[in-house]
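Morning, everyone. Please have a look at it first.

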Number of protein chains: 4
Amino acid sequence: MKADDKAIQNRLRRIEGQVRGVQRMVDEDAYCVDVLTQVAAVQTALEQVAVQVLDAHVRHCVADAVAGPDGADAEARLDELMAAVRRFAKVR
Amino acid sequence: MKADDKAIQNRLRRIEGQVRGVQRMVDEDAYCVDVLTQVAAVQTALEQVAVQVLDAHVRHCVADAVAGPDGADAEARLDELMAAVRRFAKVR
Amino acid sequence: MKADDKAIQNRLRRIEGQVRGVQRMVDEDAYCVDVLTQVAAVQTALEQVAVQVLDAHVRHCVADAVAGPDGADAEARLDELMAAVRRFAKVR
Amino acid sequence: MKADDKAIQNRLRRIEGQVRGVQRMVDEDAYCVDVLTQVAAVQTALEQVAVQVLDAHVRHCVADAVAGPDGADAEARLDELMAAVRRFAKVR
């Protein structure tokens with residue numbers, strides 16, 4: 001997933017800056033609703049990282065395993081994928 | 001996905017009954033928080049249907065396309081899969 | 001919450017019809033992704049019911065308790081409200 | 001919300017560290033599923049911050065406005081609260 005790594009790192013650095021921004025808001029007694037809005041922005045940014053990692057994973061690791069000769073490996077990757085999707089979508 | 005269809009239909013029939021149960025609760029002026037709890041139960045049941053349909057889809061349609069000879073078809077199925085996951089996880 | 005009840009019942013009846021629609025789709029072997037799209041529509045409709053019930057609850061039950069003379073009751077309603085919000089937002 | 005500020009700042013500092021941890025994982029080519037698991041942990045931690053801010057907001061700002069003499073202000077705070085809950089629960 002080399003091609004995607006740089007984009008993911010850029011997003012993560014921006015997220016790190018956003019988290020520090022929220023810390024400053026709390027320090028400066030910002031209005032709760034503004035803090036919540038900023039936390040929501042970080043959550044959206046993190047979701048986009050998660051989707052990008054999941055996308056790379058599906059297109060490389062999972063697709064390779066499914067196209068490969070080892071049926072048991074393909075099965076294991078699909079199980080792992082569905083577990084990740086479940087966790088990601090917060091399915092109870 | 002024949003094997004899964006019966007399980008999915010059973011879940012859907014149970015969900016239909018649960019929705020009618022919520023209608024009765026509203027008719028009988030049940031306490032809001034109890035209505036919310038019951039709506040949450042229906043949402044959980046629906047998510048489980050969605051995960052089961054997604055699981056069958058990944059293991060059959062997507063895996064077949066990826067293992068098949070038509071690279072463009074595999075690509076299209078993976079795009080479609082990721083769009084479904086995004087929608088399911090409510091990624092903004 | 002009389003004023004909202006009719007709107008909520010209308011939504012619930014529509015949801016019941018949508019759930020039966022999904023059952024038909026599964027019966028008729030509809031394409032998985034179309035089933036998922038329809039399940040997502042039901043989930044959105046249910047969320048809107050939940051938000052409407054929560055809204056009525058906050059504006060009536062909670063606001064009355066908070067404005068009322070019984071501090072312990074107000075506290076209990078606020079705890080209950082936050083528990084409902086947590087469940088609704090699927091906070092782990 | 002003084003009492004809660006310190007707890008929120010501690011959580012935010014831990015989140016900042018977790019985000020740097022994800023950056024390291026990507027640098028070191030960690031397995032996608034492990035990256036996803038770590039991103040999910042940051043999301044859970046952020047949600048807990050959001051709930052804690054929302055909780056403080058409801059118990060102080062909103063409750064004060066509702067208990068206060070200014071009905072229009074109370075109404076505005078309740079609107080704002082429901083908008084925050086909607087955004088937080090990602091209601092479409």
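I'll start with the ground rules, then take two interfaces in turn, and end on single residues.

Ground rules. This is a predicted model: local features need pLDDT of at least 70, side-chain atom pairs count only at pLDDT 80 or more, and totals for chains, interfaces and linings use all residues. Residues are numbered from 1 along each chain as its sequence is written, chains are lettered from A and ligands numbered from 1 in the order in which they are written, and side-chain values use heavy atoms, with hydrogens and water left out.

How confident is the predictor? Chain A averages a pLDDT of 91, and 96% of its residues score at least 70. That score is the predictor's confidence in each residue, from 0 to 100. For the complex, the predictor gives an ipTM of 0.90 and a pTM of 0.88.

How many residues take part? Chain D gives 39 residues to the contact, and chain A gives 39 residues. Contact here means heavy atoms within 4.5 Å. Of the interface residues of chain D, 100% are also interface residues in chain A, so the copies meet through the same surface.

Now the area. The size of an interface is often given as the accessible area lost when the parts come together. Between chain D and chain A, about 3,500 Å² is buried, and carbon and sulfur atoms give 65% of that. Buried area is the accessible area, with a 1.4 Å probe, that two parts lose on being put together, summed over both.

Next, the pairings. Between chain D and chain A there are four salt bridges. The cut-off is a side-chain nitrogen of Lys or Arg within 4 Å of a carboxyl oxygen of Asp or Glu. One of them joins A:Glu16 to D:Arg20, with the closest N and O atoms 3.0 Å apart. Which elements of chain D face chain A? Helix H1 (2–27), helix H2 (32–67) and helix H3 (71–88) of chain D each give two or more residues to that side. H2(D) supplies the largest share, 16 residues. Helices are DSSP runs of H or I, at least four residues, numbered from the N terminus. By class, that side of chain D has 22 nonpolar, five polar and twelve charged residues. Nonpolar means Ala, Val, Leu, Ile, Met, Phe, Trp, Tyr, Cys and Pro; charged means Asp, Glu, Lys and Arg; the others, Gly among them, are polar.

In one of them, A:Arg59 pairs with B:Glu75, the closest N and O atoms being 3.0 Å apart.

Last, single residues. Over all chains the salt bridges come to 28. Back to A:Glu16: this residue also forms a salt bridge with A:Arg20, the closest N and O atoms 3.0 Å apart. A:Glu16 and A:Arg20 are four residues apart in helix H1 of chain A, so about one helical turn separates them.

And D:Gln18? D:Gln18 lies in helix H1 of chain D. Leaving aside neighbours within four places in sequence, D:Gln18 is in contact with D:Gln38, D:Ala41, D:Val42 and D:Ala45.
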